[in-house]
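The exercises below are meant to be worked through with the sequence and the structure side by side. Try each task before reading its solution.

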Amino acid sequence: MTTATAEMPAFFRDLNLDQIVIVITAAKDEYNLKPYFHAPLKNVDAIMYRHEVMRDLEKKTLFESMNSFARKMREMREHLVRAKKLYYKHQRESWFLDAVELYCGAVQSLSEDLDQADLDSRGLLALRDYVQRYVQSDVFSSLVAETGNLKHDLATVQYCLLIKYGSISVRRYDSETDYRAEVEATFEKFKQAAAKDYAIKFSASEQMNHVEAQALDCVAELYPDVFLHLGAYCDSRTGYLDETIATFDREIQFYVSFLEFIAELKHQGLDFCYPKVTDSSKEVYDFDCFDLALAHKLYVEGSQVVCNDFHLMGNERIIVVSGPNQGGKTTFARAFGQLHYLASLGCPVPGRKAQLFLCDRLFTHFEKAETVQNGRGKLQDDLMRFHEILKAATSRSIIIMNEMFSSTTLRDALFLGKRIMERIMDLDILCVCVTFIDELSCLSEKTVSVVSTIVPEDPALRTYKIVRKPADGLAYALSIAEKHRLTSERLRERLRG
Amino acid sequence: MKAHLLYRDRDFAPERTVAPNERDLMQDLHLNVLFDTMALGDKFILDVSRKVVLSSLGDPEAVLYRQDIIKDCLKNCLIVKEIYALALESLESEKELHWGIFSRYPSSILNGSISVLEAFVEILKRLRSLAEERSSAFQSEGFAQFFRMLKEELSDSYIAVVKYHLKQLRFRGGVLISAELGKGSQGTRYVLRKTRDVKKSFIQRIFSKKPTEYTFHIPDRDESGAKALSELRDRGINLAANALAQSKDHILSFFQMLRTELAFYLGCMNLHARLVEIAARACFPVPAGLEVRRHTFTGLYDLCLALSEGRSVVENDLNADNRNLVVITGANQGGKSTFLRGIGVAQLMMQSGMFVGASQFCSNVCDGIFTHYKREEDVTMKSGKLDEELKRMSAIVDKVSPNSILLLNESFASTNEREGSEVARQVLSALLDAGIKIFFVTHLHKFARESFERQRQKAVFLRAGRQADGERTFKILEGEPLQTSFGEDLYRNIFGVDN
């Protein structure tokens, strides 16, 4: 994977992709994963390469192995960070030793897990080869052996402290008996039901105080071989971490984080699929797709998002979305953009079955709040932005437009809208256009009209279903009339009655 | 070590057992009179007596176990009070000496516990001598077991061992703890160790090889060092301090349990003394098993009424063995309610192991006693009267079990007689079929009459007596239900004989 340092693309906010990435990477700051999500892939094979890895990771055991590897590596890093902060030599060295031990364990179980895993992806097969060779290398086996010996030696150290007023004497432990047990046994006969716990919880301070440190120095004097060895080990093993392993540790989190993110939505019954990504056909479809950012938000709130379908066939290029406000129009448009973007990252996308287009660039034109600074009117601003987009767009681009020209008369808006649409049709661009101008939905064979719908009996209720049908501009008004018994039929009835 | 003076095999756990309908029982059976007499102004005895009486024993054997203990108490009042006083003394000395126990420092917890335990040891010693001197005067299994336990568990040698440890735990020679290296080579798994008893001769000491040892000192000015040292010491003694504090608690709860259990017996002693004073009789009842149906007595009176009147009151007899239903009809103010209360109070007292207010009393134990009495009209006007009483009946039905006893006092009377009788018939037939024993004081003539016709074999019918001149006898005798309840008598009494 290319180690990208990419900035967030311009359309991220409009499509709420920024929200998605924030949630996905929330608990993974240390890996700096955002650049991966900001860098779409440019060819189909690279996408396939990631799909393969994703599919492998969808196997539960392997996914668990990756998580467990990540946990150990994280713990290792935490150990190194702490070791640096510590003041006393023996303590610092012990933390370093533990870090290396964690690393050895992580790599060993990774190797075992990969050996047992049923792998199909090019990426993970290559990793398996590498890890196998590394684990068998002299470098690694001597690291494991020396670390193990030292840990064992330290674990056998047992000593006694005789604490008097103002002094502590340290000596080796000599099988003195446990006095508490004797005291407990003495009073055993009085034991009643469960007793209150009087034991004080001592906070485990990682920073030793100077008395503990002096005691430890005495222990080191009692066991000189062990502690001299430890010191030498720390000097010679600073570069223990294998670079490829470290890179893998970070990159795999791109996959893991995304799969973790969609797991909870899958659990809720939402579908995800590996889209067929193509750069040769502009037939695109996705069934039961949804806005991933909204789905997550609703999941947190305890409800579920509404799924929609789209399918552009033959010469169809532009989906024109009209219908009642707050009926899910913008959400639909966003979803279309998100799907294509996520597909270009090599991720599974919302939906049951999908074919998506690998575009060269993705543009969004969403309403912006009026800005005083640039000294232009809103309409002018809208047009300027369109101009920029159309200058940069190619026939392989995708444009998502949301409520253009809402700040002018219908006649103006219709005129300008038609002009813009003509340019887009000329370029043969895939496009979603959310608009209140019905006429835009039937400009040519390239446009497809879809409408957000309502429940006829209660127009206030939204279905958030976007269905393919002519934009008549009436469905909404009629159902309101129905509610007030003002449809011609009901009115006649009433007038008769 | 357990006192086990209330139950042969367990401690008294009032939270678990007190009847769920405690408030109804208190109110309907006038039990506060009973408990006040038992307590003689002692709130603790009051509380314990109430809880014990309201957590009925369900097993005749358990009843007899307590009866025997009560008999011993009545014979040995002074000794029992002395044991009670020792328990009290221990609780008070704990209160005085327990300072430090709630501290965050194991050393304070340890020292506080040692002080309390030293006091406890003295009291335990006195308790044991009392057992040695006085146990022969007691016959009950409960006391025998209690005294035997004191003698066996608290031998001189045992007490010497305890004293030795209490002295050692002051750690005059320093605290010895072992440790291992934990995370980051910090000391961990601190275990308090017993210092070797150094009883070597001078020569031995000179020639024995001293183990390698490194010592460092904390300078006087080093306050944080001194703090760190005492924390290390505290870590070492932490678990021992905990063990000791818990042992202290265990002994404390032994004394608390002893005091609690004896409080009930003190209550019984107080009550008995009062009954003797007012020349009211008492007998130890004969409890029968849960599954059989026994209810036979002579000379039963309402003990609570006698206590509040301060004299003996009217006595009644009954033979209702193998019957499930007792219907009491008859004159107003003829003693029906008093009779019903007497039955309830006696049943509760029997099932707590006490004597009862009767010459002879035998009944089967029940696993729940419920009262359904008239209540004041619902002041909130939320529900009608019948609605209210049926709601209570329904609440009882939620809790009732097949071997329960139900005391119904004029239930279903808040509607007209025909409807009331029908409701009564439906409710009672279902309850009786379930095996529940019912005492029903009623004016519902239709119900009583029909039951009399149909259930003569299964039920007993009683009537509040009335002499020919209308004078009440307050005696309840067997007799078939009659149409009138002699309200006329009452009217005449109050308004004068002739206009």
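**Exercise 1.** Leaving aside its neighbours within four places in sequence, which residues is B:Tyr265 in contact with?

*Solution.* Keep in mind throughout that this is a predicted model. Once the neighbours within four places in sequence are set aside, the contacts of B:Tyr265 are B:Ile69, B:Ile70, B:Cys73 and B:Val80. As a next step, turn to the largest nonpolar core, which has 249 residues, and where B:Tyr265 is one of those that touch the most other members, together with residues including A:Val321 and B:Ala240. The largest share of this core, 23 residues, is given by helix α11 (residues 223–277) of chain B.

**Exercise 2.** Find how far helix α13 of chain B reaches, and decide whether its residues are buried or exposed.

*Solution.* Helix α13(B) runs over residues 336–350, and its 15 residues reach 21 Å from the first C-alpha to the last, close to the 21 Å expected. Next, consider burial: 15 of the 15 residues of α13(B) are buried, so this helix is largely enclosed by the rest of the structure.

**Exercise 3.** Describe the side of chain A that touches chain B.

*Solution.* Begin with the totals: 55 residues of chain A are in contact with 55 residues of chain B. The largest share of the chain A side, 9 residues, comes from α9(A), and the residues of this side divide into 26 nonpolar, 13 polar and 16 charged. Finally, look at the strands, where β2(A) pairs with β3(B) in the antiparallel sense over 5 bridges, and where A:Ser169 has B:Thr215 as its bridge partner in β3(B).

Terms used
Residues are numbered from 1 along each chain as its sequence is written. Chains are lettered from A and ligands numbered from 1 in the order in which they are written. This is a predicted model: local features need pLDDT of at least 70, side-chain atom pairs count only at pLDDT 80 or more; totals for chains, interfaces and linings use all residues. Helices (H or I, at least four residues) and strands (E, at least two) are DSSP runs, numbered from the N terminus. The expected span of a helix is 1.5 Å times one less than its number of residues. A residue is buried if 20 or more other C-beta atoms lie within 10 Å of its own, exposed if 12 or fewer, and partly exposed in between; C-beta atoms are placed from the backbone. A nonpolar core is a set of buried Ala, Val, Leu, Ile, Met, Phe, Trp, Tyr and Cys residues joined through C-beta atoms within 7 Å. Two residues are in contact if their C-beta atoms, placed from the backbone, lie within 7 Å. Ala, Val, Leu, Ile, Met, Phe, Trp, Tyr, Cys and Pro count as nonpolar, Asp, Glu, Lys and Arg as charged, and the others, Gly among them, as polar. Two strands pair if DSSP finds at least two bridges between them.
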